[in-house]
Amino acid sequence: MAAKVPAGRMGMPEEIAAAVAFHAGDDSRYLLGTEINVDGGLAEL
């Protein structure tokens, strides 16, 4: 699976947690209806 990911590796739990923390925190208070793909670029293929 990692060979299919453009980043060349699988994501780390800390990377997923950082995206979740961003969405849950004040830094994202002006975002509405946003989807952030934390997938190393796989969704762009």
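Helices (H or I, at least four residues) and strands (E, at least two) are taken here as DSSP runs and numbered from the N terminus. On that basis M10 is found in the segment before α1, and the protein has 1 helix and 0 strands. The structure is a predicted model, in which local features need pLDDT of at least 70 and side-chain atom pairs count only at pLDDT 80 or more, whereas totals for chains, interfaces and linings use all residues. Residues are numbered from 1 along each chain as its sequence is written, and side-chain values use heavy atoms, with hydrogens and water left out.

Taken along the principal axes, the box filled by the C-alpha atoms of the protein is roughly 35 × 20 × 10 Å. The accessible surface, computed by the Shrake-Rupley method with a 1.4 Å probe and, for residues, with only the protein chains shown counting as cover, comes to about 3800 Å², and 59% of this area belongs to carbon and sulfur atoms. Buried residues make up 7% of the 45 residues in the protein, where buried means under 20% relative accessible area, exposed over 50%, and partly exposed in between (1.4 Å probe, protein chains only).

A43 lies in the segment after α1, counts as partly exposed at 44% relative accessibility, and is 22 Å from S28, C-alpha to C-alpha, with 15 residues of separation in sequence.

The structure holds 1 salt bridge, defined as a side-chain nitrogen of Lys or Arg within 4 Å of a carboxyl oxygen of Asp or Glu. Side chains of opposite charge can pair when their charged atoms come close. The pair concerned is R9 and E15, whose side chains meet at 2.6 Å, N to O. R9 is partly exposed, with a relative accessible area of 42%, and E15 is partly exposed at 32%.

R9 and E15 are also among the residues that line the largest pocket, together with M1, V5, A7, M10, G11, I16, V38, D39, G40 and L42. A pocket is identified on a 1 Å grid over the protein atoms alone as an open set of points with protein on both sides within 12 Å along at least five of seven lines, in contrast to a cavity, where a 1.4 Å probe fits but cannot get out; lining residues have an atom within 4 Å of a point. Grid points are joined across faces, edges and corners, and the volume is the space filled by probe spheres set on the points, which for the largest pocket amounts to about 200 Å³. The lining divides into 7 nonpolar, 2 polar and 3 charged residues, with Ala, Val, Leu, Ile, Met, Phe, Trp, Tyr, Cys and Pro counted as nonpolar, Asp, Glu, Lys and Arg as charged, and the others, Gly among them, as polar.

I16 and V38 belong to the pocket lining and also, with V20, F22, L31 and I36, to a nonpolar surface patch of about 470 Å². Patches are made of residues with over 30% relative accessible area and no salt bridge, like charges being joined within 9 Å and nonpolar side chains (Val, Leu, Ile, Met, Phe, Trp, Tyr) within 5 Å. V38 lies in the segment after α1 (13–24) and is partly exposed, with a relative accessible area of 37%.
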